[in-house]
Amino acid sequence: MNTKSKNYLLFLSVLSVFAFGNCMGAIDGALSKIAVALEVDHTVALYVGSIPALTSVASSLFLGFVAGKKLPFKACAVCCAVLMIFAGTIPFLAQNFAAILLARGFFGLGLGGMMSLQNPIATKLIPLESRAAILGVGTCIAFLFQCILQLVGGILADVRWNLVFFTHLILLIPLVAMAFLLPKMALDPPEAKQEGTEKLSATVLVMCVILGVIVMNLAPLLFGSAFYVAALSDSATIASVIAMLFSIGCMIGGLLYPTLYRVLKEKCFAAFLLIGAMGLLISATATSIPLLGIGFFIGGISFASTQTGMMMLIGLLCPPERVAFASALMMVFLNLGAFLCSSWERMIGTITGDSLYAPLLVGAVIFVILAVILFVRSPFPRGRRSA
């Protein structure tokens, strides 16, 4: 096999890992039907979508410490993928809300592991000159699979609400690709562990917190399509299409990231936040399905671009042996932000009397403020540094 073919298969193996990274929203279009079937409030039903974000924190931190040091990257990835497929599908048999939450919690353990493994695997296997491209395309692939799961899930949920969980079986495709194509990577040598004890950059820590805030305010679009569509239609398929538009926006954001980074350089985060503010504002004021879809699409571009930009920033600011832990920390704050979304909406709803649209307007204001801050003080280093 020639070098070009080997590089192609290596690229494909990394993308198979990314395919698992954003499947938390696979059941979004069915959440309103789940709420009706199990007789729970919409803010409570949101936990079915967001509980994996909480449990993923534990696996993200665990693998951040052991992946590539005590446990091989490939073994970790395959185990997490199998857990996601099993725990994602088994709620079909559940007859009550608590059982579904329990299964979704285990799904989150696998998800958190996969999300924390994406960046270090890409960093180890892909050279720096191709890093922005693989991160952008990988993000696109992640949301492509989410799109497929959302569409299939919405169609199945219109037949019967619990059929939506069968959509996770589609993930068997990237699991097979990962098992056969992902190369084995040697564990870090002992001396690398000693170097890895140095503190993380303060910029990385601050940006992890900011990422959590960003996700907390964009998560209503990630999880809540069914509730924004409910005022206009009771179709889970339409709700899934709106959720898909968010995912398609994420795909576009991933593909655009290398170009945006090259053009905007250190000012790119400010631009991503302004795009997000626009998406939130349009979604909050939409009076029709098409307009709502546009808002979700724009919000998706911001979500993926920000997440990819954070991966790139970690590669630029962290030594190689700290990338796995920094990536895990990033996923911890990202998933904490997603989980806290429901509580954030409830708090704003208590203050304003509107727990559905007011959080989007508040989020738009927060995004503009953060955009100004990151425009004045960019987190990206000036000039090129090795990853």
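## Exercises on aromatic and nonpolar side chains

Phe297 is partly exposed, with 28% relative accessible area, in this predicted model.

**Exercise 1.** State where Phe297 lies and which residues it touches.

Solution. Phe297 belongs to helix α13, residues 289–317. Leaving aside residues up to four places away in sequence, its contacts are Leu245, Phe246, Ile248, Gly249 and Ile252. Ile242 is 55 residues from Phe297 in sequence, and their C-alpha atoms are 8.3 Å apart.

**Exercise 2.** Classify the aromatic pair of Tyr228 and Tyr357, and say which parts it ties together.

Solution. The count of aromatic pairs is nine. For Tyr228 and Tyr357 the centres are 5.6 Å apart and the planes 65 degrees apart. Planes over 60 degrees apart count as edge-to-face, so this pair is edge-to-face. Tyr228 is in helix α10 (225–229) and Tyr357 in the loop between α14 and α15, so the pair ties together parts 129 residues apart in sequence. Tyr228 is buried at 3% relative accessibility, whereas Tyr357 is partly exposed at 26%.

**Exercise 3.** Name the residues of the nonpolar surface patch and the helix with the largest share.

Solution. Leu274, Val368, Val372, Phe375 and Val376 make a patch of about 480 Å². Helix α15 (358–376) gives the largest share, four residues. Val368, in helix α15, is partly exposed at 39% relative accessible area. The charged end of Lys267 sits over the ring of Phe375, 4.8 Å from its centre.

Technical notes
Residues are numbered from 1 along each chain as its sequence is written. This is a predicted model: local features need pLDDT of at least 70, side-chain atom pairs count only at pLDDT 80 or more; totals for chains, interfaces and linings use all residues. Side-chain values use heavy atoms; hydrogens and water are left out. Patches are made of residues with over 30% relative accessible area and no salt bridge: like charges are joined within 9 Å, nonpolar side chains (Val, Leu, Ile, Met, Phe, Trp, Tyr) within 5 Å. Accessible areas come from the Shrake-Rupley method with a 1.4 Å probe; for residues, only the protein chains shown count as cover. A salt bridge is a side-chain nitrogen of Lys or Arg within 4 Å of a carboxyl oxygen of Asp or Glu. Helices (H or I, at least four residues) and strands (E, at least two) are DSSP runs, numbered from the N terminus. Buried means under 20% relative accessible area, exposed over 50%, partly exposed in between (1.4 Å probe, protein chains only). Contact means heavy atoms within 4.5 Å. Rings of Phe, Tyr and Trp (its six-membered ring) pair if their centres lie within 6.5 Å; planes under 30 degrees apart count as stacked, over 60 as edge-to-face and the rest as tilted. A charge sits over a ring if NZ of Lys or CZ of Arg is within 6 Å of the ring centre and within 35 degrees of the ring normal.
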